[in-house]
Amino acid sequence: METRMACLRVGGMLVILLLSLSPLVRADYLETIPVFWKTLYPNGGKGLYCGKNFKRFDRRYNIEHVFPMSWVTHALRCGDRHHCRRVSRRFNEIESDMHNMYPARRDLNKRRGAMAYAIVKGEHWVKPDCDLEIDARRRWVEPRPAVCGDIARALLYMADRYPELKLYRRQRDLMLRWNRQDPPDAAEKVRNRRIRKVQGRGNPWIEGEGR
């Protein structure tokens, strides 16, 4: 259980209180970032889009929100991302949810932006060794098959967990298909258990409770 210290003056005396914080609540995304790396990828891991190994403190990688934060700001109508952080507790809760956070190469994270996941015709990989396909005109992104299910379960979780967030019917149908075609593997289940330990809740789509 995480604790914080608070000071209270009673009758001229300064009393120090230790306040317990629920594991269900993180103050904000910036505080969650080190928890994310330490809890889920303490020794490095594999990037979401290319599946390449990265080491601890690899600055080429940052955090990708599978359900883009620009979709969230639009749904909450709280302004841009920085303004939402200041004025919306709900936004902070959503932005800090580690079920929606994956390590990705910075350049590919930026190229994906807020594009929707879809099936892109052909096999035009962004790089010879990276099976990520982007249709910039339609604003579609197709990830490698090995993580289609992981991405689907993250999106489905977000839409179910936070009623303000919606998936278009076409996107949800595709995610349901990817969920069936690429079921959770051992690594995804371990990751889910670690997040559950920190946040107090798992992803039902990984735990077999999704619809």
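User: Over which residues does pLDDT stay under 50, and how many contacts beyond four places in sequence does the model have for them?
Analyst: This is a predicted model. Residues 14-26 stay under 50, and the model has 39 contacts for them beyond four places in sequence.

User: What does the protein average in pLDDT?
Analyst: The average is 89, and 86% of the residues score at least 70. Residues 1-8 fall below 50. That stretch has 30 contacts beyond near neighbours in sequence.

User: How many helices and strands?
Analyst: Eight helices and 10 strands. Of the 211 residues, 44% count as buried.

User: Switching to aromatics. How many pairs does the structure hold?
Analyst: Seven. One of them is Y41 with F54, centres 6.1 Å apart and planes at 50°, so the pair is tilted.

User: Where do Y41 and F54 lie?
Analyst: Y41 is in the loop between α1 (29-40) and β3 (45-46), and F54 is in strand β4 (residues 53-54), so the pair ties together parts 13 residues apart in sequence.

User: Y41, buried or exposed?
Analyst: Buried, at 12% relative accessible area. F54 is buried too, at 5%.

User: What about F67 and W71?
Analyst: They form an edge-to-face pair, 5.1 Å centre to centre with 80° between the planes. F67 is buried at 2%, whereas W71 counts as partly exposed at 22%.

User: Which residues do ring pairs link into a cluster?
Analyst: F36, W37, Y41, F54 and Y61.

User: Which ring does the charged end of R81 sit over?
Analyst: The ring of Y29, 5.6 Å from its centre. R161 lies over the face of Y162, 5.9 Å from the ring centre.

How values were computed. Residues numbered from 1 in each chain as written. Predicted model: local features only at pLDDT ≥ 70, side-chain atom pairs only at ≥ 80, totals over all residues. Heavy atoms only, no water. pLDDT = per-residue confidence, 0-100. Contact = heavy atoms within 4.5 Å. Helix = DSSP H or I, 4+ residues; strand = E, 2+ residues; numbered from the N terminus. Buried < 20%, exposed > 50% of the residue type's maximum accessible area, 1.4 Å probe, protein only. Phe/Tyr/Trp six-rings, centres within 6.5 Å; stacked < 30°, edge-to-face > 60°. Lys NZ or Arg CZ within 6 Å of the ring centre and 35° of its normal.
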